Amino acid sequence: CGIALVLGLFLDWAEGWPAGTGFLYLLASMAMLPNPLVNNVPATESGVALDVWFSTFALVGEVLSFGAVGSLSALMHIGAWWESGRLANYPFLSPLLLVVASLLPLTALVSALGALLAVAEGWTSSE
């Protein structure tokens, strides 16, 4: 968020937008949201150039973050622990069971975040 705030100020300046618009635009871009947080789109040459540069910067940062998390020894130990147990004789089942085992916590997380969004937006339960 801090990176989007700082870079968003540059985009605000290049496009002549009110302060904070560039932050919301870049935050949606970095989060790869299908629906933008603002309706503004860079129109000037400098704004488009900054947008391309900032988007590339964000993508590289996300890839580096995913790579760093994926190479943590804790994740490697979890996989080794999982396969050393009862699944040692059935290695083809291990990836499938890891996915199935992660569905419940993932569903709970998505439900919790969805409920927070509904409360923040003032939506009713039917919406």
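Ile-3, Leu-7, Phe-10, Leu-11, Ala-14 and Glu-15 of helix H1 meet Ser-46, Gly-47, Val-48, Leu-50, Asp-51, Phe-54 and Phe-57 of helix H3, where contact means heavy atoms within 4.5 Å. This is a predicted model, in which local features need pLDDT of at least 70 and side-chain atom pairs count only at pLDDT 80 or more, while totals for chains, interfaces and linings use all residues. Residues are numbered from 1 along each chain as its sequence is written, and side-chain values use heavy atoms, with hydrogens and water left out. The protein has five helices and zero strands; helices (H or I, at least four residues) and strands (E, at least two) are DSSP runs, numbered from the N terminus.

**Overall make-up**

- Along the sequence the pattern reads α-α-α-α-α.
- The protein has 127 residues, of which 19% count as buried; buried means under 20% relative accessible area, exposed over 50%, and partly exposed in between (1.4 Å probe, protein chains only).
- Of the contacts between residues at least 6 apart in sequence, 43% join residues at least 24 apart.

**H1 against H3**

- Two packed helices are described by the angle between their axes and the distance between the axes.
- The axes of H1 and H3 come within 9 Å and cross at roughly 165 degrees; axes are lines fitted to C-alpha atoms, for helices over the stretch in contact, and angles run from 0 to 180 degrees between N-to-C directions.
- H1 and H3 are therefore roughly antiparallel to each other; angles under 35 degrees count as roughly parallel, over 145 as roughly antiparallel, 65 to 115 as roughly perpendicular and the rest as oblique.
- Their crossing is left-handed, a term used if the near helix is turned anticlockwise from the far one by less than a right angle, with right-handed used if clockwise.
- The residues in the contact of H1 with H3 divide into nine nonpolar, two polar and two charged; Ala, Val, Leu, Ile, Met, Phe, Trp, Tyr, Cys and Pro count as nonpolar, Asp, Glu, Lys and Arg as charged, and the others, Gly among them, as polar.

**H1 against H2**

- Helix H1 (residues 2–15) and helix H2 (residues 21–30) have axes that come within 7 Å and cross at roughly 125 degrees.
- H1 and H2 are therefore oblique to each other, and their crossing is right-handed.
- On the H1 side the contact is made by Ile-3, Ala-4, Leu-5, Leu-7, Gly-8, Leu-11 and Asp-12.
- On the H2 side the contact is made by Thr-21, Gly-22, Phe-23, Tyr-25, Leu-26, Leu-27 and Met-30.
- By class, this contact of H1 with H2 has 10 nonpolar, three polar and one charged residues.

**H2 against H3**

- H2 and H3 pack at an angle of about 45 degrees, and their axes are 10 Å apart.
- That angle makes H2 oblique to H3, and H2 passes H3 in a right-handed crossing.
- Tyr-25, Leu-26, Ser-29 and Met-30 of H2 meet Asp-51, Phe-54, Ser-55, Ala-58 and Glu-62 of H3.
- The contact of H2 with H3 has five nonpolar, two polar and two charged residues.

**Helix H3 itself**

- Helix H3 (residues 45–70) has 26 residues, which at 1.5 Å a residue should span 38 Å, and its end C-alpha atoms are 37 Å apart, which agrees; the expected span is 1.5 Å times one less than the number of residues.
- Gly-47, Asp-51, Phe-54, Ala-58 and Glu-62 of H3 are buried, and what covers the buried residues of H3 includes H1 and H2.
- An α-helix has 3.6 residues a turn, so residues three or four places apart point the same way.
- Ala-49 also lies in H3 but is partly exposed, with a relative accessible area of 46%.
- The C-alpha atoms of Ala-49 and Ala-14 are separated by 9.9 Å, although these residues are 35 apart along the chain.

**Two other buried residues**

- Thr-21 lies in helix H2 and is buried, with a relative accessible area of 12%.
- Apart from neighbours within four places in sequence, Thr-21 is in contact with Asp-12, Val-38 and Asn-40.
- Pro-42 sits in the loop between H2 and H3 and counts as buried at 10% relative accessibility.
- Not counting residues up to four places away in sequence, Pro-42 touches Leu-11, Glu-15, Trp-17, Tyr-25, Gly-47, Val-48 and Asp-51.
- Pro-42 and Gly-22 are 20 residues apart in sequence and 9.2 Å apart in space, C-alpha to C-alpha.
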